[in-house]
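Let's take a walk through a protein model together. Have the sequence and the 3D view ready, and follow along from charged pairs to the inside of the fold.

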Amino acid sequence: MSLSSWRRMEAVFSAAFVLCFFVTTGVHGDSLTVLQAPEFVSFQKGDWPISGEKIPDLVALTMGFSVQEDLSWPGLKAGLLFQRPRANVLVVVRGVDSLDLTQSVASYPLENPVPFTLDSVAETVHSLFAEDTPVVLQLAPSEERLYMLGKANAVFEDLPVTLQQIRARLSQDGSVLASLPLNSLSRNVEADLLFLSEVQVLHDITALLLRHKHLAKDHSPDLYSLELSGLEELSRVYGQDSPQYKDATAILASVLQKFAEDVYGLYSNSAVVEVVTVKTFEAPLTRKSRSILESKQISNPGSPYNLAYKYNFHYAVIFNIVLWLMIILALAVIAIAYNLWNMDPGYDSIIYRMTNQKIRMD
């Protein structure tokens, strides 16, 4: 056997050894983890990958809504027709491919991690439950991006939004700094404060929900979408092997577990809490932010001109009802008009018939 053949065989065995090493050591990629879910929302355990662009459809299906395209994904089983969760909470964590979330319902690998939003789900919630004013909250503290709709305007009015407000909140009573083991994290470093600010927002959301427990008892489902990028900034500043990044990862994992348990309990064990961990998105995401006053005046989240929705999922049903009812009424009017036109008053009308008989008797 020639020297080149030996080198080829050596390269093949080396590649096989490296592949086996990565498989056996449990190297993970981006993932979708379901922390909490009611019994009637059945997630199947398995390693079925799901695309990032399908996350909004998955959230819509868990809330009992229909989607434009069928989701051919075996991870979610069809649930009960007349039961839907009272809330869905989706937390997107950027800068880490996986977290040590031991207490979870199921976890799935995430492929094609493209940016996504829950705007379509929020529009569906608003269109179907406009009179009940459901809670719709979409928040990204690092980008100071906030969108609130329905009862969220009143409940989360005091929620700190800008980084300056959140950092001021960290110095007040009830701050998470008093209860978190900071270890290598510092209160004076910009990247560390960004991460701690996001943890503070999670704490404040649960505190506000505890203060307004009536939100979890209405008939309209609530939607929460949170995007956290503090770990991404820590990774950029310190690196993934730094003690700051490792401590922050452990803190965030425990905080998310506690956050999921609190929300799940507030909604009487009828809430779905998912966590999407993604190292980095494949494309940048640009979205417009809205103030609280604007969200009160705009009825359509997708239109800045307060226009009506272009399409509703019940449009076909309503159209058929109105169409055939108009056709039946039109045919009835034509038949009645035709019979009245060709009616002989002396023979077809009882009024004229009795009048003629009275005249004859006189």
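## Charged partners

Start with D204 and R169, whose side chains meet in a salt bridge (3.3 Å, N to O). A salt bridge here is a side-chain nitrogen of Lys or Arg within 4 Å of a carboxyl oxygen of Asp or Glu. D204 sits in helix α6 (residues 190–211) and R169 in helix α5 (residues 163–170), so the pair ties together parts that are 35 residues apart in sequence. Helices (H or I, at least four residues) and strands (E, at least two) are DSSP runs, numbered from the N terminus. Are the two partners buried or exposed? D204 counts as buried because its relative accessibility is 7%, and R169 counts as buried at 16%. Buried means under 20% relative accessible area, exposed over 50%, and partly exposed in between (1.4 Å probe, protein chains only).

Now look at K258 and D262, whose closest N and O atoms are 2.8 Å apart in another salt bridge. Both lie in helix α8, four residues apart, or about one turn of the helix. K258 is partly exposed at 48% relative accessibility, and D262 is partly exposed at 25%. Across the whole structure, a search finds seven salt bridges.

## How to read the model

This is a predicted model, where local features need pLDDT of at least 70, side-chain atom pairs count only at pLDDT 80 or more, and totals for chains, interfaces and linings use all residues. Residues are numbered from 1 along each chain as its sequence is written, and side-chain values use heavy atoms, with hydrogens and water left out.

## A covered strand

Next, find strand β7 (residues 135–140), where six of six residues are buried. V135, L137 and L139 are on one side, V136, Q138 and A140 on the other, and both faces are covered.

What are the neighbours of β7? β7 pairs with β8 (residues 145–150) in the antiparallel sense over six bridges, and with β9 (residues 222–228) in the parallel sense over four bridges. Pairing means that DSSP finds at least two bridges between two strands. Across these pairings, V135 stands opposite G150 in β8, while Q138 stands opposite S225 in β9.

## The nonpolar inside

The largest nonpolar core has 57 residues, and V93, F156, F195, L231 and L256 have the most contacts inside it. Helix α8 (residues 243–266) gives the most to this core, with 11 residues. A nonpolar core is a set of buried Ala, Val, Leu, Ile, Met, Phe, Trp, Tyr and Cys residues joined through side-chain atoms within 4.5 Å.
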